[in-house]
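The following note is intended for a colleague who is meeting this structure for the first time. Please read the numbered points alongside the sequence and the model.

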Amino acid sequence: MNLSIISSTDRPNSWSLKLSNYISRLYAERNVKAKVVSLEDFPLADVVGGKYGKEITSIKKFREPILEADGIIFVIPEYNGGFPGILKMFIDYLPFPGAFEKMPMAFVGEASGAFGALRPVEQFQMIANYRNALQFPERVFIPRVSKEFDPETGLVDDFKQKLLDSQVENFIKFVRDNS
Ligand SMILES: Cc1cc2nc3c(=O)[nH]c(=O)nc-3n(C[C@H](O)[C@H](O)[C@H](O)COP(=O)(O)O)c2cc1C
């Protein structure tokens, strides 16, 4: 099984990336490879001018982890009540309509605010829905991320950690059942 974890921001030193790396370790402990793709490295400069549908070499590296994945985990922060613009840009440069078709997807939200990126995850799910993705129902939301998450030990709250562990375990089964 081949999973990809999308760290959905280009903000340097982001919590999304720290969380993505931590989640990747949770999959590795279960003998599942989950490659982290950080949108921090998305070559924004190469798409200026709206080069939609054109062959752009530097974008390929961002398409392959999607096209070759059996399942994708999106780690999404909250920016102004939505998901980061770079995530939409990333999607708009994926092949249409096939990229997300019947693709198993799981979602983890994180924010400094109290709702743990519930809004951006649900906004993103509307797009995933339109693109016919298979959305895994166990979502995890992490509020006050800098206090509630430790990159080494995980979530401070035991209940939240159990939710994340459960998402990991059950998403593996979900991907297996749908591939
Ligand atoms: C442009 C921007 C907008 C933000 N807007 C919100 C917001 O609407 N709600 C919220 O709870 N946090 C907001 N934050 C704080 C982020 O959710 C918080 O810093 C989060 O940990 C950022 O994730 P990151 O480290 O992955 O970038 C915002 C941060 C940035 C950079």
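1. The structure is a predicted model. Within it, β3, helix α3 (residues 85-92) and β4 make a right-handed β-α-β unit. Strand β4 also belongs to a right-handed β-α-β unit with helix α4 (residues 118-130) and β5.

2. The pairing of β4 with β3 deserves attention. Strand β3 (residues 71-77) runs parallel to β4, and six bridges join the two. Along this pairing, Met105 of β4 stands opposite Ile72.

3. Strand β4 also pairs with β5 (residues 134-135), in parallel and through two bridges. Here Pro104 has Leu134 of β5 as its bridge partner.

4. A further parallel pairing links β4 with strand β6 (residues 140-142) over three bridges. The bridge partner of Val108 in this case is Val140 of β6.

5. How much of β4 is covered? Of the seven residues in the strand (residues 104-110), seven are buried. In a regular strand, side chains alternate between the two faces of the sheet. In β4, Pro104, Ala106, Val108 and Glu110 point one way, while Met105, Phe107 and Gly109 point the other way, and all are buried. The charged residue Glu110 is thus listed among the buried positions.

Conventions. Residues are numbered from 1 along each chain as its sequence is written. This is a predicted model: local features need pLDDT of at least 70, side-chain atom pairs count only at pLDDT 80 or more; totals for chains, interfaces and linings use all residues. A residue is buried if 20 or more other C-beta atoms lie within 10 Å of its own, exposed if 12 or fewer, and partly exposed in between; C-beta atoms are placed from the backbone. Helices (H or I, at least four residues) and strands (E, at least two) are DSSP runs, numbered from the N terminus. Two strands pair if DSSP finds at least two bridges between them. A crossover is right-handed if, with the strands pointing away from the viewer, the path from the first strand over the helix to the second runs clockwise.
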